[in-house]
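Have the coordinates open while reading.

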Amino acid sequence: MAEEKQPVTTEPTMMVSEETYMTSGVHIGTRQKTADIKEIIYKVRNDGLYIIDVKKTNERIRAAAKFLAKYNPSQILAVSVRQYGQKPVRKLGETTGIQVLDGRFQPGTLTNPNAKTYLEPEIILLTDPLADIQALHEAKNIGIPVLALCDTNNETKYIDYVIPTNNKGRRALALIYWLLARSILQEQGKIKSDEDFTATVEDFE
């Protein structure tokens, strides 16, 4: 009798339940969709809102954390001009040691060594490529990799790695940055399990 084959499961495990992603509004896109982003769209709602595939979000956070964990945290710069992203990036900085620039991004921060705000990161993480356009252009000019949280209305030109998410909602941004912080620390071996991460999503809100 032929041996019964076990079904092969290639789907990565969810870092939090699908429901947690949903209640945080990570899946809620905009009514606009760029050609760059169509592969991360799950469906379009009756009211015209595009819905993001949270399984892809989950997968990309995990991969982004693996990539970022290879860098010294002081060589990474997380940026958020957008208000709801400012506390989450600051908390990401506090928990992981990543450099943070929240609020206005002064022109020349990455390109002008004489600027008071001058920084020399090796990689940059943007909260919203539209709001953080100045940082995106400067990162492109100096040729460092760019990771970005992208909503359905974002273009991905000059972005090396996209994390698909609602990048405008307070709760969604808190969850994404909380998951990134936890995963980076795990990848670096600084915490052994999810339970070792004592910060809560609320701390990031």
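Tyr158 has a relative accessibility of 36%, so it counts as partly exposed. The model is predicted. Tyr158 lies in the loop between β6 (146–150) and β7 (161–164). Its phi is positive, about 70 degrees, although Tyr158 is not a glycine.

Val201 sits in the segment after α5. Its relative accessibility is 11%, under the 20% cut-off, so Val201 counts as buried. Leaving aside neighbours within four places in sequence, Val201 is in contact with Arg171, Ala174, Leu175 and Trp178. Thr23 is 178 residues from Val201 in sequence, and the C-alpha to C-alpha separation of the two is 12 Å.

The two accessibilities side by side:

| Residue | Relative accessibility | Class |
|---|---|---|
| Tyr158 | 36% | partly exposed |
| Val201 | 11% | buried |

Now the helix pair. Two packed helices are described by the angle between their axes and the distance between the axes. How do α2 and α5 cross, and at roughly what angle? The axes of α2 (residues 54–68) and α5 (residues 170–187) come within 8 Å and cross at roughly 45 degrees. The two helices are therefore oblique to each other. The crossing of α2 past α5 is right-handed.

On the α2 side, the contact uses Thr57, Ile61, Ala64, Ala65, Lys66 and Leu68. On the α5 side, Ile176, Leu179, Leu180, Ser183, Ile184 and Glu187 meet them. By class, this contact has eight nonpolar, two polar and two charged residues.

How values were computed:
Residues are numbered from 1 along each chain as its sequence is written. This is a predicted model: local features need pLDDT of at least 70, side-chain atom pairs count only at pLDDT 80 or more; totals for chains, interfaces and linings use all residues. Side-chain values use heavy atoms; hydrogens and water are left out. Axes are lines fitted to C-alpha atoms, for helices over the stretch in contact, and angles run from 0 to 180 degrees between N-to-C directions. Helices (H or I, at least four residues) and strands (E, at least two) are DSSP runs, numbered from the N terminus. Angles under 35 degrees count as roughly parallel, over 145 as roughly antiparallel, 65 to 115 as roughly perpendicular and the rest as oblique. A crossing is left-handed if the near helix is turned anticlockwise from the far one by less than a right angle, and right-handed if clockwise. Contact means heavy atoms within 4.5 Å. Ala, Val, Leu, Ile, Met, Phe, Trp, Tyr, Cys and Pro count as nonpolar, Asp, Glu, Lys and Arg as charged, and the others, Gly among them, as polar. Buried means under 20% relative accessible area, exposed over 50%, partly exposed in between (1.4 Å probe, protein chains only).
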